[in-house]
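Thanks for coming. I will go through charged pairs, then a surface patch, then aromatic rings.

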Amino acid sequence: MDNDASAGGTTAIVGRLALGVTLLAFGLGTTKVIDGVTTADAVSLAHYVGGVALFLAGLLAFRDRDTASGTAYSALGALWFTWAVTAGGQMSDNAAGLFLLLFALVALSLALGAAGNMLEQGTYGLFFVSLLLLAVARFAGSDSLGKAGGWFAVAAGAVAWYAATAALAKWPTALPRRAAGRGVTAAG
């Protein structure tokens with residue numbers, strides 16, 4: 001593995017940690033894999049860490065002229081803040097599905113915009129799939145699709161957590177690249 005540990009500044013690391021923790025809590029609550037822990041248990045964490053802290057990290061990233069992180073963290077902070085404030089409220093399944101679908105498009109844009117950064121693409125790509133599955137689950141009333149969406153959120157959270165930890169610990173953040181024409185030899 002290439003030891004490319006230049007995975008962003010302090011603001012990006014804080015943003016990745018906030019996103020990772022929020023996604024892990026939300027995803028594990030959605031899967032209900034831990035007895036007695038549900039999605040509702042992630043509301044406070046999503047409100048303050050995913051919403052307020054992530055949005056603040058986005059504003060600080062803009063101040064540091066990091067447009068990509070600023071856009072991602074501000075948009076995702078708004079997602080988590082809105083989700084936390086409306087959780088438990090009277091909202092139809094179709095309205096909730098639409099909310100999730102619209103933010104799935106935001107996650108897709110973030111994944112496509114993170115070209116060249118495998119860990120960010122992985123985080124946002126997995127989050128896109130999670131939100132898409134959760135939206136379809138709400139439209140269709142399918143608990144099994146909702147749980148699958150939760151597992152994708154857990155995976156996205158684990159990738160975001162790794163990206164932050166790798167930057168702090170100077171672990172590898174990129175796969176090695178082979179030179180063109182190397183690695184294959186002709187027998188003969």
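A salt bridge, as I use the term, is a side-chain nitrogen of Lys or Arg within 4 Å of a carboxyl oxygen of Asp or Glu. Before applying that: this is a predicted model, where local features need pLDDT of at least 70, side-chain atom pairs count only at pLDDT 80 or more, and totals for chains, interfaces and linings use all residues. Residues are numbered from 1 along each chain as its sequence is written, and side-chain values use heavy atoms, with hydrogens and water left out.

How many salt bridges does the structure hold? The count is three.

Take Arg138 to begin with. Its partner is Asp93, and the closest N and O atoms are 3.0 Å apart. This pair links distant parts of the chain, with Arg138 in helix α5 and Asp93 in helix α4 (residues 93-113), 45 residues apart. Helices here are DSSP runs of H or I with at least four residues, numbered from the N terminus. For burial I use relative accessible area: buried is under 20%, exposed is over 50%, and partly exposed is in between, with a 1.4 Å probe and protein chains only. Arg138 is partly exposed at 33%, and Asp93 is partly exposed at 40%.

Next, Arg16 and Glu120 form a salt bridge, again with closest N and O atoms, here 3.0 Å apart. Arg16 sits in helix α1 (residues 10-31) and Glu120 in helix α5 (residues 118-140), so the pair ties together parts that are 104 residues apart in sequence. Buried or exposed, for Arg16 and Glu120? Both are buried.

That leaves Arg63 and Asp64, whose side chains meet at 3.4 Å, N to O. Arg63 counts as exposed because its relative accessibility is 60%. Asp64, at 42%, counts as partly exposed.

Now the surface patch. Phe55, Leu56, Leu59, Leu60 and Phe62 form a nonpolar patch with about 420 Å² of accessible area together. The areas come from the Shrake-Rupley method with a 1.4 Å probe. Patch residues have over 30% relative accessible area and no salt bridge, and nonpolar side chains (Val, Leu, Ile, Met, Phe, Trp, Tyr) are joined within 5 Å. One of the members, Leu59, lies in helix α2 (residues 43-63) and is partly exposed, at 40% relative accessibility.

Last, the rings. Phe, Tyr and Trp rings (for Trp, the six-membered one) pair if their centres lie within 6.5 Å. That rule gives six aromatic pairs. Which residues do ring pairs link into a cluster? They are Phe26, Trp80, Trp83 and Phe127.

Conventions. Helix = DSSP H or I, 4+ residues; strand = E, 2+ residues; numbered from the N terminus. Patch = residues over 30% accessible without salt bridge, like charges linked within 9 Å, V, L, I, M, F, W, Y side chains within 5 Å. Phe/Tyr/Trp six-rings, centres within 6.5 Å; stacked < 30°, edge-to-face > 60°.
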